[in-house]
Amino acid sequence: MTSLSASLVRGALSSPFKRAGRPDAPLPPDHLTRPAAPVAPGPLAAYARICGFTESGPLPLTYPHVLAFPLTMRLMTGRAFPLPVLGLVHTWIEITPHRPVQPTEPLELALYADGLTPHRRGTEVTMATEARVGGKLVWESRSGYLSRHGTTGAAAAPRTASVPDVAGELPAVAEWTLPGDLGRRYGAVSGDRNPIHLHPLTARLFGFPRAIAHGMWTVARCLAEVKDAAEIRSVRAEFKAPVLLPATVTYAADAAGSAFALRGAKGRVHLVGTVTRNARR
């Protein structure tokens with residue numbers, strides 16, 4: 001059994017014994033690492049195809065997050081992690097690329113849990129991921145994951161600034177038809193086989209009427225449309241509402257490429273994002 005499969009099994013077995021609800025609960029202090037290694041071309045090509053990236057050039061902006069997923073699962077399924085991993089919902093991500101990374105460069109990864117905060121629907125954990133080449137930081141991200149449970153108080157203020165709410169004003173650029181098996185297909189590529197993404201039956205166990213698309217697929221698919229990716233200094237995306245599969249969604253963006261959104265039926269906003277670019281010399 002691979003280490004990722006073992007983590008998934010451990011998470012399934014341990015989740016029923018974990019009860020979220022304490023934002024002051026201790027988090028594991030570990031900084032998990034993966035030694036420097038080049039990217040495997042086959043999985044990278046499969047990821048690029050399903051997300052709409054070109055299959056040449058630097059790594060897609062979201063790919064280090066995928067490479068670090070086994071570390072994420074190992075930390076989240078450990079005994080010291082306070083939240084049940086099954087049913088965790090990705091709520092936001094911030095990505096900061098310090099320079100383009102080539103697939104042939106040996107990439108060292110590190111991951112750690114950075115804090116818990118109360119959320120109006122439960123408790124949210126922030127996870128931090130770092131990628132280095134030759135000891136130098138080349139890419140980093142921070143992500144929020146929500147464990148849904150009953151709450152009694154008001155939600156705390158967000159740990160980081162929210163994306164401006166301009167999703168309804170952005171012009172439509174493209175329409176995408178998402179198949180019902182998208183969650184299973186992306187899960188096979190990314191390793192993220194959370195039951196909420198796989199089948200209607202397993203999604204219903206966590207309160208969703210049908211399987212939902214991975215948040216990281218939606219943001220990756222949107223970023224695949226952004227031009228001049230090498231100029232991007234930072235990205236923030238917030239997942240506003242789940243995309244129930246199958247679905248037809250609309251990708252919207254401004255002319256400058258600084259704001260984007262994913263909208264569904266009747267204008268429902270699924271994702272909003274902003275892109276900050278380096279100043280041109």
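**Entry: what I am looking at**

I note that this is a predicted model, in which local features need pLDDT of at least 70 and side-chain atom pairs count only at pLDDT 80 or more, while totals for chains, interfaces and linings use all residues. Residues are numbered from 1 along each chain as its sequence is written, and side-chain values use heavy atoms, with hydrogens and water left out.

**Entry: the second largest pocket**

I looked up the space in this pocket, which is about 560 Å³, a volume being the space filled by probe spheres set on grid points that are joined across faces, edges and corners. On a 1 Å grid over the protein atoms alone, a pocket is an open set of points with protein on both sides within 12 Å along at least five of seven lines, whereas a cavity is a set where a 1.4 Å probe fits but cannot get out, and lining residues have an atom within 4 Å of a point. I listed 24 lining residues for the second largest pocket, of which Pro 58, Leu 59, Leu 61, Ala 229 and Ala 230 lie nearest its centre. By class, its lining has 16 nonpolar, six polar and two charged residues, where Ala, Val, Leu, Ile, Met, Phe, Trp, Tyr, Cys and Pro count as nonpolar, Asp, Glu, Lys and Arg as charged, and the others, Gly among them, as polar.

**Entry: the cavity**

I then searched the whole structure and found one cavity of 30 Å³ or more. The largest cavity holds about 40 Å³ of space, and its lining is made up of His 65, Thr 72, Leu 111, Met 127, Thr 129, Ser 141, Ser 143 and Tyr 145. Strand E4 (122-133) and strand E5 (136-148) are the elements that give two or more residues to this lining, and E5 gives the most, with three.

**Entry: salt bridges**

I took a salt bridge to be a side-chain nitrogen of Lys or Arg within 4 Å of a carboxyl oxygen of Asp or Glu, and by this rule the count is nine. One of them joins the side chains of Asp 114 and Arg 142 at 2.6 Å, N to O. Asp 114 lies in strand E3 (residues 107-119) and Arg 142 in strand E5, so this pair ties together parts that are 28 residues apart in sequence. Asp 114 is partly exposed at 30% relative accessibility, and Arg 142 is also partly exposed, at 23% (buried means under 20% relative accessible area, exposed over 50%, and partly exposed in between, with a 1.4 Å probe and protein chains only).

Buried or exposed: which is Glu 238? I found Glu 238 buried, with a relative accessible area of 5%, and it forms a salt bridge with Lys 240, the closest N and O atoms being 3.1 Å apart. Glu 94, Arg 236, Glu 238 and Lys 240 are linked in a network of salt bridges.

How values were computed
Helix = DSSP H or I, 4+ residues; strand = E, 2+ residues; numbered from the N terminus.
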